[in-house]
Amino acid sequence: VTSDNGTTALWAPDLVPIVTKLGDQVADIALTIQVLDPQDEDYGAYRPPDSYISGFPGGVASLLTTVYQNPDSKHYHSPALAENIRLAVEAAERFLYEDGSIDGGSDKQCACNSAFASGALCDLWRRWQEIDHPAAQEIVDRSYRIIVKFGHACRTMGMMTPNHRWVACVA
């Protein structure tokens with residue numbers, strides 16, 4: 001990546017258009033691969049699983065919220081993107097186990113995954129409180145319920161490594 005003056009030494013203002021373009025590309029992919037069949041168990045999540053955008057739908061929703069709020073994005077305040085985010089948070093809540101844990105990769109029903117995902121969900125919860133959109137309150141309420149369950153998992157379930165323990169403390 002080079003800046004406008006041809007150097008590879010980039011300053012933050014040089015990176016903004018690059019990050020905006022990447023965010024738009026991620027949103028384009030998310031809008032394409034979100035499961036929209038209400039009869040599908042993955043409704044609201046993203047396929048294919050090997051896509052770089054896939055993962056816990058709540059984390060993807062947090063990233064897409066950044067795009068949604070960016071006035072330089074082609075998806076700025078896009079109704080389609082807002083609905084995509086709402087469905088992702090709905091799926092995220094549905095994918096939680098009763099104990100607040102989630103699956104991630106080969107780790108099944110793991111509090112560590114909940115701990116790692118909590119940062120994105122807290123960010124999502126905070127930012128949608130300030131957004132004026134008909135789905136905002138639903139996103140805020142669902143995010144809050146997920147965060148509370150994540151906290152329960154981090155408090156009551158075991159952590160496997162020091163890395164997991166510090167992220168649970170942050171959660």
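A residue is called buried when its relative accessible area is under 20%, exposed when that area is over 50%, and partly exposed in between, using a 1.4 Å probe and counting protein chains only. By that rule serine 73 is buried, because its relative accessible area is 7%. The model is predicted, so local features need a pLDDT of at least 70 and side-chain atom pairs count only at pLDDT 80 or more, while totals for chains, interfaces and linings use all residues. Residues are numbered from 1 along each chain as its sequence is written, and side-chain values use heavy atoms, with hydrogens and water left out.

**Overall fold**

- The chain has six helices and two strands, where helices (H or I, at least four residues) and strands (E, at least two) are DSSP runs numbered from the N terminus.
- Read from the N terminus, the order of these elements is α-α-α-β-β-α-α-α.
- Of the 171 residues in the chain, 43% are buried.
- The accessible surface, calculated by the Shrake-Rupley method with a 1.4 Å probe, comes to about 9,400 Å², and carbon and sulfur atoms account for 57% of it.
- A contact means heavy atoms within 4.5 Å, and among contacts between residues at least 6 apart in sequence, 60% join residues at least 24 apart.

**Serine 73 and its surroundings**

- Serine 73 sits in the loop between α2 (57-69) and α3 (79-95).
- When neighbours within four places in sequence are left aside, serine 73 is in contact with Thr20, Asp24 and Val67.
- The side chain of serine 73 also makes a polar contact with the side chain of aspartate 24, at 2.4 Å; such a contact is a pair of N or O atoms within 3.5 Å, where within protein one must be able to donate a hydrogen and the other to accept it, and residues adjacent in sequence count only if both atoms are side-chain atoms.

**Nonpolar cores**

- A nonpolar core is a set of buried Ala, Val, Leu, Ile, Met, Phe, Trp, Tyr and Cys residues joined through side-chain atoms within 4.5 Å.
- The largest such core has 31 residues, of which Leu64, Ile85, Leu124, Trp128 and Phe150 touch the most other members.
- Two or more residues of this core come from each of α1 (12-33), α2, α3, α4 (111-128) and α5 (136-156).
- A second, separate core of eight residues includes Cys110, Cys112, Met159 and Ala168.

**Glycine 23**

- Glycine 23 is found in helix α1 and counts as buried, with a relative accessibility of 13%.
- The C-alpha atoms of glycine 23 and threonine 65 are separated by 9.9 Å, although these residues are 42 residues apart along the chain.
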